[in-house]
Amino acid sequence: MTAHHDQIVQDQFGPTANAYVASSVHAAGADLVRIGERAASARPRRALDLGAGGGHVAYALAPHAEEVVACDLSPDMLAAVTAEAGRRDLGNIAVAAAAAEALPFADGSFDFLACRFSTHHWRDAEAGLREARRVLADGAPAIFADVVAPGGAALDTHLQAVEVLRDPSHVRDYAVAEWAAMLARAGFSIRALTRSRLRMDFAGWTARMRTPPVQADAIRALQQAASRDVTAHYAIERDGSFTIDVALFEAE
């Protein structure tokens with residue numbers, strides 16, 4: 001029987017929870033710094049790390065908020081976050097297991113929300129963004145950061161193909177224009193947009209998700225067969241490492 005998408009997500013991320021807590025890609029970055037800066041300015045009473053993964057957004061928010069709720073679909077991931085929060089002596093981080101499309105929180109119950117490298121896994125991104133808007137108080141800041149698809153069909157196709165070969169829970173890396181439209185329909189107003197580039201070390205990228213060798217080989221075959229334009233845009237290296245586009249949306 002074919003698994004439901006949410007079950008695929010849990011199957012993928014449960015066994016890799018500690019790898020995401022330890023991931024240097026997720027533990028640092030200008031986008032994470034910016035989230036911390038906004039939280040330091042806003043000083044929220046109750047902040048939400050939506051799609052918490054390894055919890056790095058929650059750790060960045062905790063020094064500036066009275067309470068942080070790390071919400072993720074995977075109970076195993078949340079157990080790893082709880083353990084890491086304890087190691088860091090961050091006693092104001094709570095956890096909640098839920099899909100982004102059905103959050104178990106009252107309307108307007110948060111005054112800060114951040115979501116980082118999660119939306120491309122959601123079964124229904126627009127429904128998740130509507131839920132984010134519902135649980136966030138009017139005028140409160142929301143920050144969304146994710147990998148984004150570049151312009152051009154060939155570039156888009158290559159990105160989605162290597163993503164889903166690496167991780168079958170991948171749904172889509174949305175283009176900036178798609179993000180803007182979804183946020184608007186969900187009721188958000190974008191206040192700032194920051195673009196950046198992020199290098200992915202192939203060995204670490206595949207090991208973190210326990211990508212089977214046959215699928216890692218398929219990714220390498222796609223890379224080696226890619227056009228000159230695709231190879232140049234993603235800066236594909238001899239060992240398969242490559243560089244992707246990231247966008248950070250500051251909204252309310």
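Before you click on anything, one term: a cavity here is a set of grid points where a 1.4 Å probe fits but cannot get out, and its lining residues have an atom within 4 Å of a point. Bear in mind, too, that this is a predicted model.

**Stop 1**

Head for the second largest cavity, which has a volume of about 40 Å³. Which residues line the second largest cavity? Select His-158, Leu-159, Val-162, Gln-223, Tyr-234, Ile-236 and Phe-242. By class, that lining has 5 nonpolar, 2 polar and no charged residues. Helix 8, residues 153-166, gives the largest share of the lining, with 3 residues.

**Stop 1: helix 8 against helix 11**

The crossing of helix 8 past helix 11 is left-handed. To see the contact, show His-158, Ala-161, Val-162, Leu-165 and Arg-166 on helix 8, then Gln-215, Ala-218, Ile-219, Leu-222 and Gln-223 on helix 11. Sorted by class, this contact has 6 nonpolar, 3 polar and 1 charged residues.

**Stop 2: helix 7 against helix 9**

Now clear the view and pick helix 7, residues 125-135, along with helix 9, residues 176-186. How do helix 7 and helix 9 pack, and at what angle? Their axes are 8 Å apart, and the angle is about 45°. The two helices are therefore oblique to each other. Helix 7 passes helix 9 in a right-handed crossing.

For the side chains, show Ala-125, Glu-126, Leu-129, Arg-130 and Arg-133 in helix 7. They meet Trp-179, Met-182, Leu-183, Arg-185 and Ala-186 in helix 9. The contact of helix 7 with helix 9 has 6 nonpolar, no polar and 4 charged residues.

Methods. Residues are numbered from 1 along each chain as its sequence is written. This is a predicted model: local features need pLDDT of at least 70, side-chain atom pairs count only at pLDDT 80 or more; totals for chains, interfaces and linings use all residues. Side-chain values use heavy atoms; hydrogens and water are left out. Axes are lines fitted to C-alpha atoms, for helices over the stretch in contact, and angles run from 0 to 180 degrees between N-to-C directions. Helices (H or I, at least four residues) and strands (E, at least two) are DSSP runs, numbered from the N terminus. Angles under 35 degrees count as roughly parallel, over 145 as roughly antiparallel, 65 to 115 as roughly perpendicular and the rest as oblique. A crossing is left-handed if the near helix is turned anticlockwise from the far one by less than a right angle, and right-handed if clockwise. Contact means heavy atoms within 4.5 Å. Ala, Val, Leu, Ile, Met, Phe, Trp, Tyr, Cys and Pro count as nonpolar, Asp, Glu, Lys and Arg as charged, and the others, Gly among them, as polar. On a 1 Å grid over the protein atoms alone, a cavity is a set of points where a 1.4 Å probe fits but cannot get out, and a pocket is an open set with protein on both sides within 12 Å along at least five of seven lines; lining residues have an atom within 4 Å of a point. Grid points are joined across faces, edges and corners, and a volume is the space filled by probe spheres set on the points.
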